[in-house]
Amino acid sequence: MRRSWTFGRKLAVAFAAVLCLLLLVSVIGVRALRTVVASKDHVIDVTAKNVLRAEMLRGAAARKASAARAYLLTQDEAALKEMKTDRERFEALIAELRTTLNRDENLNLVDKIEQDDVALQEQLDRVIATRKAGAALELVNQELDKQVLPKREVLERDVTAFAQLEQQNIEDRKGAATAAAETARNTVLGVSLAALLLAIGIALVLTRTLSQQIGSAVQHIQSSSNELQTAVNQQSTGTREQAMALSEITTTINELLVTSRQIAESAQRVAKIAEDTAGSAHAGEQVASRTRESIGGIKRQVDLIVTHMLDLGKKSQQIGGILEIISELTEQTNILAINAAIEAAGAGESGKRFAVVAEEIRKLADRVGGSAKDIRALVEEIRAAVNTTVMITEGGTKAVDAGSREFSEVAVALQRIVALVGTTTEATREIELSTKQQSTAVEQVNIAVANVAQATRETEASSSQTFQTASLLTDLSRELLRLIQPQAAA
Amino acid sequence: MSPRASGASQVEALRRAFDQSFRAPPPGEEEETEDLLQLRIGGQALAVRLSEIAGLIQGRTPVPLPAAAPGLLGLAGIRGALWPVFDLAVLLGEPPAQDPRWLLLCGAGAPVALAFSLFEGHLRLARSVVNGAAPASGLRILSIPHLVASLQTPEGDPP
């Protein structure tokens, strides 16, 4: 039996097989019963009637003989009519027998009976004619005993033989019917026994197959129930964790909502500040333009200062040249004073006063030299200061140029700032609008999360119910397994 | 104090000192002084007695001579005479001077000019100080006659 078949199909096939066997048994029984009934009916309808007809033949022959005797005794025409009637009945019975018989032996016997009757009737008619001719009764009796009585005995004997043959026929039919009934009974018994064995086999196969499959399925169900319990436990744990996470999400979403509103308010403030910034940047642009013009004036003044400083440097160089001359003169004076002192020393006493003068000239030259040195230092400082000032001024000029360029760039940058602030204002308004939409969306998300939390709680509750159901399913599968496979359940 | 005010006060001080020098009496005999010229040779301060030299000049470039005398730079025409010029640093055992533009004229004995690079000034010190000047004081008194005498040795006669 195929494993892929359903239980209903398997049961239907088994019941169909058993039903076919029952049908076979019934057909065989009906056929046997019909055979027996037909045999009995034939015995009753045909053979028994033939026996009866044989008796009626015997009676008709007897009545005909009696009517003939009555005519012979009384010469009453009515007796002849009665004899004629009896003869017609006799012939009618013969005709009926011919229609019901199909065996040659019986037909031959009927033909012989008819011939006997014809011979008897001829003898009887001749006797009756003799009587009608006026013969004496005794002669008639003798003739009757002599001619008619043997014919009648022959007829009697043949009718008796026919009756016995039909009786034998009845016995034969009866025996055949009984044999057919026996055969049918044995056949029905055999087929019934075979059907019973087949039904037992089918029941055993069906029971084993169903037990194996149902047991396997029940074991699977039991295993699945255990897994379902584990899964439900895990799902319950996960659901609780999910509920906690949803609670945290709700808190976070609320904070996000507050933050979104704060962002919207901040965006409004930023938009206001951006508008103010745009005004300030515009004013700054004008200030930068004016400052650039002022820087141009400063640059011209600085160029003038540089020119004067360069003149001052040239003058300082000229002063340095003059100081060089003074220093040279001082040094020469000093040398002259020293040489004068040497000469005065060589002049002896008369040169002492000259030595004093020479000494004073030398001191004066030293002092002038010191002053010239101081002046040179001052001039050097002035030149250094002038150079430094020129360098600084040139640096200032460059700085002013750079400042002028930078102010031009500042003006351009301020123009860009104005444009960018406009863009920023627009973007801030979009941010404000988006943040409000975001707040609305966050509120919707909050509602959705609340719904999800509710669904999670319901899921947790249903998980408990599922766990109970899985437990019941496990118990049921164990009980079912015990019903199907007690040894396995134990 | 402004530079203009400082310059005026300095001029006033110079004038006062100049006038004061003529008002003061000539120096007495109680304290004998000696005039010196301070110069620097090879990083050392030297002093030369003013009484030992005949003069101090600068800016005379000697004409080189084909001679092998140590320290001889050449001849220079000074005050109508030819003076042999020696490098004072070489004579004192120092490396040759880079720019010997000053010339000391040694008049006593033979006319010899000593060239050096750095002249630092005129000094007037007490004679006791000059005679007792020790090398520890940082000022070395150079004896010109002794130096000139060393040049007049048979091996080192000036040309």
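Student: In which strand is B:Gln58 found?

Tutor: B:Gln58 sits in strand S3 of chain B, residues 55-58. Helices (H or I, at least four residues) and strands (E, at least two) are DSSP runs, numbered from the N terminus. The model is predicted, so local features need pLDDT of at least 70 and side-chain atom pairs count only at pLDDT 80 or more, while totals for chains, interfaces and linings use all residues. Residues are numbered from 1 along each chain as its sequence is written, chains are lettered from A and ligands numbered from 1 in the order in which they are written, and side-chain values use heavy atoms, with hydrogens and water left out.

Student: Is B:Gln58 buried or exposed?

Tutor: B:Gln58 counts as buried because its relative accessibility is 13%. Buried means under 20% relative accessible area, exposed over 50%, and partly exposed in between (1.4 Å probe, protein chains only).

Student: What is B:Gln58 in contact with, leaving aside neighbours within four places in sequence?

Tutor: With those neighbours left aside, B:Gln58 is in contact with A:Glu328, A:Glu331, A:Gln332 and A:Ile335 of chain A, and with B:Arg101 and B:Trp102 of chain B. Contact means heavy atoms within 4.5 Å. The side chains of B:Gln58 and B:Arg101 are also joined by a polar contact of 2.4 Å. A polar contact is a pair of N or O atoms within 3.5 Å; within protein, one must be able to donate a hydrogen and the other to accept it, and residues adjacent in sequence count only if both atoms are side-chain atoms.

Student: And what separates the C-alpha atoms of B:Gln58 and B:Ala115?

Tutor: Their C-alpha atoms are 9.1 Å apart, and the two residues are 57 residues apart along the chain.

Student: How do the elements of chain B run?

Tutor: Chain B has four helices and nine strands, in the order α-β-β-β-β-β-α-β-β-β-α-β-α from the N terminus. Of its 159 residues, 36% are buried. Among its contacts between residues at least 6 apart in sequence, 57% join residues at least 24 apart.

Student: Over to A:Arg362. Why does A:Arg362 count as buried?

Tutor: A:Arg362 counts as buried because its relative accessibility is 5%. The residue lies in helix H5 of chain A, and its side chain makes a polar contact of 2.5 Å with the side chain of A:Glu359. Apart from neighbours within four places in sequence, A:Arg362 is in contact with A:Asn334, A:Ala337, A:Ile338 and B:His122.

Student: What about the second largest pocket: which elements give two or more residues to its lining?

Tutor: The second largest pocket holds about 490 Å³ of space. Its lining has 19 residues, of which A:Glu331, A:Asn334, A:Asp366, A:Lys373 and B:Phe119 are the closest to its centre. Two or more lining residues come from each of H4 and H5 (352-484) of chain A and strand S8 (118-126) of chain B. H5(A) gives the most, with seven residues.

Student: How are pockets and cavities defined here?

Tutor: On a 1 Å grid over the protein atoms alone, a cavity is a set of points where a 1.4 Å probe fits but cannot get out, and a pocket is an open set with protein on both sides within 12 Å along at least five of seven lines; lining residues have an atom within 4 Å of a point. Grid points are joined across faces, edges and corners, and a volume is the space filled by probe spheres set on the points.

Student: How many cavities of 30 Å³ or more are there?

Tutor: There are two. The largest cavity holds about 100 Å³, and H1(A) gives the most to its lining, with five residues. The second largest cavity holds about 70 Å³, and H1(A) supplies the largest share of that lining, four residues.

Student: Finally, helix H2 of chain A. What do its buried residues pack against?

Tutor: The buried residues of H2(A) pack against helices H1 (7-74), H3 (104-132) and H4 (137-346) of chain A. Among those buried residues are A:Met83, A:Phe90 and A:Leu97. At the start of H2(A), a side-chain oxygen of A:Asp76 reaches to within 3.2 Å of the backbone nitrogen of A:Ala78.
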